[in-house]
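Please read it beside the model.

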Amino acid sequence: MSMASRKRVAPTPDKPGAPNCKADAGVFRPAVDPRRCEGKGECAAVCPYGVFEVGRMADEIFSALPLRSKLKVWAHGKKTAYTPSADACRACGLCVASCPERAIRLVRAC
């Protein structure tokens with residue numbers, strides 16, 4: 001994790017963090033915007049619940065992106081964050097705070 005990310009997620013009263021996770025698992029889930037995500041893996045590094053993994057973007061997702069986003073994603077090796085364990089999310093917000101591209105938001109699960 002980069003020094004900038006460490007500063008963004010440092011435990012302070014005005015920032016989220018694992019001790020402040022108040023939601024039950026599965027109430028919220030992280031939503032990753034594939035147009036913005038560069039697959040740097042900060043989210044996977046800070047998530048205390050193992051929600052994230054970084055992998056190669058699926059061809060069908062890549063082909064649906066606008067041209068400008070395709071160029072950006074291609075330049076970063078077509079990597080993106082996935083949430084295979086989204087049901088384990090407890091809405092601590094560390095992923096949101098650590099993402100340098102601001103590609104993650106927490107949404108209420110259906």
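1. A cavity is a set of points, on a 1 Å grid over the protein atoms alone, where a 1.4 Å probe fits but cannot get out; lining residues have an atom within 4 Å of a point. Grid points are joined across faces, edges and corners, and a volume is the space filled by probe spheres set on the points. The model is predicted: local features need pLDDT of at least 70, side-chain atom pairs count only at pLDDT 80 or more, and totals for chains, interfaces and linings use all residues. Residues are numbered from 1 along each chain as its sequence is written, and side-chain values use heavy atoms, with hydrogens and water left out.

2. The count is 2 cavities of 30 Å³ or more. The largest cavity holds about 60 Å³ of space, and its lining includes Cys37, Cys43, Ala81, Cys99 and Ile104.

3. The second largest cavity also has a volume of about 60 Å³. Among its lining residues are Cys47, Val51, Phe52, Cys89 and Cys95.

4. The largest nonpolar core has 11 residues, among them Cys37, Cys47, Phe52, Cys99 and Ala103. Such a core is a set of buried Ala, Val, Leu, Ile, Met, Phe, Trp, Tyr and Cys residues joined through side-chain atoms within 4.5 Å. Buried means under 20% relative accessible area (1.4 Å probe, protein chains only).

5. Leu94 is buried, at a relative accessible area of 10%. The C-alpha atoms of Leu94 and Cys47 are separated by 6.4 Å, although the two residues stand 47 residues apart along the chain.

Key. Buried < 20%, exposed > 50% of the residue type's maximum accessible area, 1.4 Å probe, protein only. 1 Å grid on protein atoms, 1.4 Å probe; cavity = no way out; pocket = protein on both sides within 12 Å on 5 of 7 lines; lining within 4 Å.
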